[in-house]
Amino acid sequence: MTFSVDTVFLWVTDLSKSVDWYSRFGVDAGEAYGDWQTMKVDGSTAFALHRGNRLSGAATGGVAFGVEDLDVQMSRLAGIGIEPVDREITETGVARFTTFQDPDGNDVQLLQRLR
């Protein structure tokens, strides 16, 4: 059986702070439903933030956003004070990516497919 990804949820401690961070990152807010906030992304996969308690202060998820030009997006984010975990770009031959962390320490990658 083959599955497709329908929704990616990240648990966050402060919903408004996280919505602001992701909005500055480049992901617009969609509809809000109580303790969770949909975020607008292209494609068939939904992305949502859910307010809740993390276990032992650990990150509760990760998401990779596809981009056409990784260097352009890294420059844009640096201009508004959002820096990757390190300046290294990982290149696999199929993709290049770098990792950021949101206010709750969740990994947020920008990934540029090469093929």
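# Exercises on a predicted single-chain model

The chain exposes about 7100 Å², and carbon and sulfur atoms supply 48% of that area (Shrake-Rupley method, 1.4 Å probe; for residues, only the protein chains shown count as cover). The model is predicted: local features need pLDDT of at least 70, side-chain atom pairs count only at pLDDT 80 or more, and totals for chains, interfaces and linings use all residues. Residues are numbered from 1 along each chain as its sequence is written, and side-chain values use heavy atoms, with hydrogens and water left out.

## Exercise 1

Solution. Step one is the count: the chain has two helices and eight strands. Both are DSSP runs numbered from the N terminus, helices being H or I with at least four residues and strands E with at least two.

## Exercise 2

Describe the open sheet of four strands and the helix that packs on it.

Solution. Start with the strand order, which is β1-β4-β3-β2, with mixed pairing; two strands pair if DSSP finds at least two bridges between them. At the edges lie β1 (7–12) and β2 (28–33), each pairing on one side only. On average, neighbouring strands are turned by 25 degrees against each other, direction ignored. Helix α1 (residues 15–25) packs on this sheet and touches β1, β2, β3 and β4, while its direction makes about 150 degrees with that of β4. Contact means heavy atoms within 4.5 Å; axes are lines fitted to C-alpha atoms, for helices over the stretch in contact, and angles run from 0 to 180 degrees between N-to-C directions.

Next, take the pairs. Strands β2 and β3 are antiparallel over four bridges, and A32 stands opposite Q37 in β3. These two strands form a hairpin with two residues between them, and G34 in the turn has a positive phi of about 65 degrees. Strand β3 (residues 36–40) is also joined by four bridges to β4 (residues 46–51), again running antiparallel; here W36 has H50 as its bridge partner.

## Exercise 3

Identify the residues that touch the most other members of the largest nonpolar core.

Solution. The core has 22 residues, and those touching the most other members are Y22, F25, F47, L49, F65 and F100. Such a core is a set of buried Ala, Val, Leu, Ile, Met, Phe, Trp, Tyr and Cys residues joined through side-chain atoms within 4.5 Å, buried meaning under 20% relative accessible area (1.4 Å probe, protein chains only). Its largest share, five residues, comes from α1. Beyond four places in sequence, F25 contacts F65, R76, L77, I82, F100, V108 and L110.

Conventions:
Buried < 20%, exposed > 50% of the residue type's maximum accessible area, 1.4 Å probe, protein only.
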